[in-house]
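Here's a quick tour for anyone meeting this structure for the first time. Have a look at the model below, then read on.

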Amino acid sequence: MKFFSVDSPLYRFLNRLWDVIQLNFFWLVCSIPIITIGASTAAAFRVCLKMVDDEEGYIGREFLKGFKENWKQGTVVGFLTLLCTYVVYLDVQIFEAVEGNPVIFLIIAMVSGFLFFLCLIYAFPLLARYRNSLLGTLKNSFTISRRFFLRTLLLAFVIMVELLVWFYSSTTLFIGFFIGPACIMFTIAGVALRIFQTLEKEPNTTVIREESENDDL
């Protein structure tokens with residue numbers, strides 16, 4: 001039956017779902033030591049960017065290759081992401097703990113969280129696609145976020161919706177354990193890749209660099 005053929009929408013959906021499940025599994029396993037979560041995330045984005053372009057090949061092979069190539073910078077960006085998340089969490093905790101709930105701490109949490117988001121949202125996709133210094137990657141992520149601000153805001157909204165669905169109930173939380181992180185990364189990769197392709201067409205762009213002689217931190 002054509003409905004079940006390899007060209008049918010159902011087959012393509014199930015095939016992509018299986019890819020997401022595999023990717024999520026590799027990401028979870030390689031993130032268990034915690035210190036490796038950044039390298040694992042960079043590797044997952046390498047696969048996601050290829051998935052968006054329908055050229056991912058073997059998920060496990062691409063993931064391990066990305067993990068090896070981005071081990072150093074990915075680990076540092078992962079640590080920065082965890083640190084920034086903790087800073088925002090700490091501000092919220094102070095807001096709730098201090099008598100009278102001074103709104104200044106909540107404002108600080110919101111502003112700092114938003115700035116961290118702008119600096120980091122495209123960092124992992126940039127690591128996965130380009131060779132650059134760590135500072136250059138963070139700077140480019142922030143520059144892209146400002147230049148494509150409305151698109152970045154829409155991306156933030158979609159991510160929040162995905163998180164709300166993920167944590168909606170115990171059932172969605174269980175399902176999200178198997179596909180949640182990979183789905184969010186796939187969403188980010190879809191937006192990031194279109195932006196990267198736009199920038200790559202611009203002559204002498206300084207926002208991204210495909211290669212760099214200085215590939216150190």
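Which helix gives the most to the lining of the largest pocket? That would be α4, with six residues. Keep in mind as you read that this is a predicted model.

## The overall layout

Let's start with the big picture. The protein has nine helices and zero strands, so written out along the sequence the pattern is simply α-α-α-α-α-α-α-α-α.

Of its 217 residues, 40% count as buried. The protein exposes about 13000 Å², and carbon and sulfur atoms supply 69% of that area. Looking at contacts between residues at least 6 apart in sequence, 69% of them join residues at least 24 apart.

## The largest pocket

Back to that pocket. The space in it comes to about 1100 Å³. It is lined by 27 residues, and the closest to its centre are Thr 81, Thr 85, Phe 117, Ile 121 and Ile 159.

Besides α4, the helices α2, α5 (103-120), α8 and α9 each supply at least two residues of the lining. What classes of residue make up the lining of the largest pocket? Sorted that way, there are 21 nonpolar residues, six polar ones and no charged ones.

In soluble globular proteins, nonpolar side chains tend to be buried together. Here, the largest nonpolar core has 46 residues, and those with the most contacts inside it are Leu 23, Phe 63, Tyr 122 and Ile 144. Two or more residues of this core come from each of α1 (9-31), α2 (37-52), α3 (59-69), α4 (71-97), α6 (123-129), α7 (134-147), α8 (149-166) and α9 (170-200). The top contributor is α9, which gives eleven residues to the core.

## A closer look at Gln 73

Is Gln 73 buried or exposed? Gln 73 counts as buried because its relative accessibility is 9%, and the cut-off for buried is under 20%.

Key: Residues are numbered from 1 along each chain as its sequence is written. This is a predicted model: local features need pLDDT of at least 70, side-chain atom pairs count only at pLDDT 80 or more; totals for chains, interfaces and linings use all residues. Side-chain values use heavy atoms; hydrogens and water are left out. A nonpolar core is a set of buried Ala, Val, Leu, Ile, Met, Phe, Trp, Tyr and Cys residues joined through side-chain atoms within 4.5 Å. Buried means under 20% relative accessible area, exposed over 50%, partly exposed in between (1.4 Å probe, protein chains only). Helices (H or I, at least four residues) and strands (E, at least two) are DSSP runs, numbered from the N terminus. On a 1 Å grid over the protein atoms alone, a cavity is a set of points where a 1.4 Å probe fits but cannot get out, and a pocket is an open set with protein on both sides within 12 Å along at least five of seven lines; lining residues have an atom within 4 Å of a point. Grid points are joined across faces, edges and corners, and a volume is the space filled by probe spheres set on the points. Ala, Val, Leu, Ile, Met, Phe, Trp, Tyr, Cys and Pro count as nonpolar, Asp, Glu, Lys and Arg as charged, and the others, Gly among them, as polar. Contact means heavy atoms within 4.5 Å. Accessible areas come from the Shrake-Rupley method with a 1.4 Å probe; for residues, only the protein chains shown count as cover.
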